[in-house]
Amino acid sequence: MDQTPLSGIVITGASSGIGAALAELYAAPGILLALTGRDAGRLDEVAERCRGRGAMVIAETVPVTDADAMRGLLTRVVAAARLDLVVANAGVSGGFKSWDDFDAYVRSITSVNIDGVLNTVNPAIPIMARQHAGQIAIVASMAGFLAMPGAVPYSATKHFARAYAEELRGRLAPVGIRVSAICPGFVVSRMTARNKFPMPFLMDTEKAARIIRDGLAKDRGRIAFPWPMVAIMRVLGLLPYPLLDWLLRRAPGKD
């Protein structure tokens, strides 16, 4: 009898966008997908498509802000499979209308984009360390390369996500855990659909997911795309700060 264990893959933010597209790319016989998302209906639709590709699926609306719930999800995965890949993809953006709401708004973003990353990634580390194998992908953003006044605190949270992934990559390599920072530009999603400003080099979701999957297969530490946006960010980063500050203050922001 074949005793090959199931390959466990956890993807947060899987009810739409990049998370949903990655789930479908990884769905195959021998795979146990654990998917989380905020919209139960859309998450169930993604889960059914993945089951149609032969994968076993756990689909739950587990909030990434709930550390105990996320730890419990990982425990259920490990009970049935080897934990091979964790993709911390859940993230939110938005805007605020009044300065009286600013603190609550900032905390609502950081609770998902920072605490959610920690709640997803950190419980997986000791599991993978015991396995002496595993891979972690943390989804940041091109916005994480610069401090964007119009995207407070989104760009700050994505800077954290990128930096945390790159720190972990070196720290965890000796125990066999591979870590990658995912830094996409504008990708078609429910989040970008709310933007009212031009989005250069807007990429379709499926293409972005393929780039991420292929980069992870090659163990790239930083998977940043599309390349024209990467080039623009690099050039901007070389500017004297007063000039960069002047330019970024004039960039469009979230409403």
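The model is predicted: local features need pLDDT of at least 70, side-chain atom pairs count only at pLDDT 80 or more, and totals for chains, interfaces and linings use all residues. Residues are numbered from 1 along each chain as its sequence is written, and side-chain values use heavy atoms, with hydrogens and water left out.

- Strand β1 covers residues 6-11, and five of its six residues are buried. Buried means under 20% relative accessible area, exposed means over 50%, and partly exposed lies in between (1.4 Å probe, protein chains only).
- Helices (H or I, at least four residues) and strands (E, at least two) are DSSP runs, numbered from the N terminus.
- β1 pairs with strand β4 (residues 81-88) in the parallel sense, over six bridges. Two strands pair if DSSP finds at least two bridges between them.
- L6 has A81 as its bridge partner in β4.
- β1 also runs parallel to strand β2 (residues 31-36), joined by five bridges. Here V10 has A34 as its bridge partner.
- A right-handed β-α-β unit is made by β1, α1 and β2. Right-handed means that, with the strands pointing away from the viewer, the path from the first strand over the helix to the second runs clockwise.

**Salt bridges**

- The whole structure holds 13 salt bridges. Each is a side-chain nitrogen of Lys or Arg within 4 Å of a carboxyl oxygen of Asp or Glu.
- E24 and R53 form one, at 3.8 Å from N to O. The pair links distant parts of the chain, 29 residues apart: E24 is in helix α1 (residues 17-26), and R53 is in the loop between α2 (40-52) and β3 (56-60).
- E24 is buried at 17% relative accessibility, whereas R53 is partly exposed at 46%.
- E24, R49 and R53 are linked in a network of salt bridges.
- R51 and E48 meet at 2.6 Å, N to O. They are three residues apart in helix α2, so about one helical turn separates them. R51 is partly exposed at 35%.
- R249 and D245 meet at 3.1 Å, N to O. Both lie in helix α9 (residues 241-249), four residues apart. R249 is exposed at 60%.
- An α-helix has 3.6 residues a turn, so residues three or four places apart point the same way.

**Aromatic rings**

- Five aromatic pairs are found in the whole structure. Rings of Phe, Tyr and Trp (its six-membered ring) pair if their centres lie within 6.5 Å; planes under 30 degrees apart count as stacked, over 60 as edge-to-face and the rest as tilted.
- W99 and F102 form a tilted pair, 5.2 Å centre to centre with 55° between the planes.
- W99 is exposed at 65% relative accessible area, while F102 is partly exposed at 25%.
- Ring pairs join F96, W99, F102 and Y105 into a cluster.

**Around S141**

- S141 sits in the loop between β5 (134-139) and α6 (154-172). S141 is buried, at 9% relative accessible area.
- Its side chain reaches the backbone nitrogen of A143 at 2.9 Å.
- Beyond its neighbours within four places in sequence, S141 is in contact with Y154, K158, I182, C183 and P184. Contact means heavy atoms within 4.5 Å.

**Helix α8**

- In helix α8 (residues 227-237), the buried residues are P228, M229, V230 and M233.
- Their cover includes β7 (222-225).

Technical notes:
A polar contact is a pair of N or O atoms within 3.5 Å; within protein, one must be able to donate a hydrogen and the other to accept it, and residues adjacent in sequence count only if both atoms are side-chain atoms.
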